[in-house]
Amino acid sequence: YAVDAQVVVHADRPGAVIRPEIYGQFAEQLGHGIDQGIWVGEASAIPNIKGYRKDVVDALKAIHVPVIRWPGGCFADEYHWRDGIGPRGQRPVRRNLSWGGEENNAFGTHEFMDFAELIGAKTYIGVNVGGGTAREMSDWLEYLTADGQSSIARERRANGRDKPWKVAYLGIGNEAWGCGGHMRPAYYADLYRQFATFVHPSGDDPSAIVRVASGANADDVAWTEGVMSAAGELIDAYGVHYYTLPTQDWKKKGSATDFGETEWIATLHGALHMDDLLNRHSAIMDKYDPKKRVALVVDEWGNWYDPQPGVASPPLYQQNSLRDALTAAMTLNIFHAHADRVRMANIAQMVNVLQAMILTDQKRMVLTPTYHVFDMYQVFQGATSLPLDVRAPDYVFGNVHVPGVQASAGRDAAGVVHVGLVNPSPDKPVRLHVRLSGAQAKSIKGRVLTAPAITSINTFDHPGVVKPEPLAGMSSSGGEWVLSLPPRSVVVLDMR
Ligand code: AHR
């Protein structure tokens, strides 16, 4: 072994609960994210359940998606909800101003809410602040949640839904500093205050809806300061966005599939920056909200690459490699460690867009390496976060350093301790010694995700190149477990 490492999990120092919503997803009305990726319509030859692709529904159910954010993104600030109700054939066709092409509105309020119900996810609706009004928002909320005999509730019934739905989260604007209106923090904070005042959902517990403010772009702590200081008392959750680009250059982000070790380590290093961001935004939030009433949510995150040259793909379509699996696991490990403040996250995006769980092509579907991480990490949903100490020499390439083992831990309701581990080295296994402090693990099981190369991908023709396998070869001695983390791998251990 070139590398020896130790992990001590402090089973006697339980932290906050890891909210299942940290495993949330984002589905924007763009490209083939919804149209074709989720929705094909009842008349399609692709097997479907009331218009939703059956293969995609089954795959999403299997990873227990806790919450879905919709309809955007940038699209939310151009969306008028009335375009997406009533008979499908009569809905207006609009230009998709954010992402190009046309939006036929076949997937609207009913289709989204019923889809979330079908896969068992909570709903996170983004309302139009940049181009809409508080009245439009409150009417939509009434349409969604009102019981009783108001005209809007009756309209929903006439459109086929008797019972009101539940809206768990309401996003008040999106990227207000950018595509949502190029606002300045003080102006947005005032608009937020205005819109938040008119959030009047009906239902058993109207106060249960979480109002999410449009938060900072990555490192922009001045935005957090401006918005929290001016509107903090009306904010329930504050949404930060952070994308990882191998080059950090939005004009030339880098390829999803054609990369070497320089881009590999740069992307891993970029993903680890999430920890720093959360620390810095949390510190400002602590100033205005020391009791941590306001959740920090990362309602867009993931890797963003250039489109594949020479291939006509829908907007924001990208392949997903083993590299994406490692950065997903690292990011989730970071969220676990911040569970006291980070209470929801939404990876961008669910199907066929950016760092997707699933890619589709006509009748075919493939699960990406990122999907498999969300599958392996399901055990952390609702677990109690446990601190851990990791001792491992850094993995270094050029002048970039990343920790030689990156990890998180949690204990589930049945008392099983789960440890998520990443070995970032492209070519060196790690011999890992794992110990629980304050508890004894009599048995251990593990799953590992790795592949022949850092660039390995799953394709429609070869869908099983990157997929989880049981981890073999674990032994115990003197209260400590010893195992091997293969190079370029994600491992999840279950210790009982
Ligand atoms: O996820 C794609 C886009 O990225 C979203 O629409 C926007 O909010 C962000 O800039």
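The structure is a predicted model, in which local features need pLDDT of at least 70, side-chain atom pairs count only at pLDDT 80 or more, and totals for chains, interfaces and linings use all residues. Residues are numbered from 1 along each chain as its sequence is written. Helices (H or I, at least four residues) and strands (E, at least two) are DSSP runs, numbered from the N terminus.

The pairing of β10 with β11 is parallel and comprises four bridges; two strands are taken to pair if DSSP finds at least two bridges between them. Strand β10 (residues 210–217) is also joined by four bridges to strand β9 (residues 169–172), again in parallel. Within this pairing, Leu 170 is partnered by Arg 211 of β10, and Gly 171 stands opposite Val 212. In general, strands of a sheet pair through backbone hydrogen bonds, either parallel or antiparallel.

These strands belong to a barrel that eight strands close in the order β2-β5-β8-β9-β10-β11-β12-β13, with parallel pairing. From one strand to the next, the twist averages 25°.

Six of the eight residues of β10 are buried, and the strand is mostly covered. A residue is buried if 20 or more other C-beta atoms lie within 10 Å of its own, exposed if 12 or fewer, and partly exposed in between, with C-beta atoms placed from the backbone. Together with helix α6 (residues 221–231) and β11, strand β10 makes a right-handed β-α-β unit; right-handed means that, with the strands pointing away from the viewer, the path from the first strand over the helix to the second runs clockwise. Helix α7 (residues 261–288) lies across β10, β11 (237–244), β12 (295–303) and β13 (342–348), and runs at about 160° to β11. Axes are lines fitted to C-alpha atoms, for helices over the stretch in contact, and angles run from 0 to 180 degrees between N-to-C directions.

Strand β5 (residues 67–70) contains Ile 68. Ile 68 counts as buried because it has 25 C-beta neighbours inside 10 Å. Not counting residues up to four places away in sequence, Ile 68 touches Gly 24, Gln 25, Ala 27, Ala 116, Ala 121, Thr 123, Tyr 124 and Met 350, contact being defined by C-beta atoms, placed from the backbone, within 7 Å.

The residues around the ligand include Glu 28, Cys 74, Asn 174, Glu 300 and Leu 354, where a residue is near a molecule if its C-beta atom, placed from the backbone, lies within 6 Å of it.

Note on methods: Contact = placed C-beta atoms within 7 Å.
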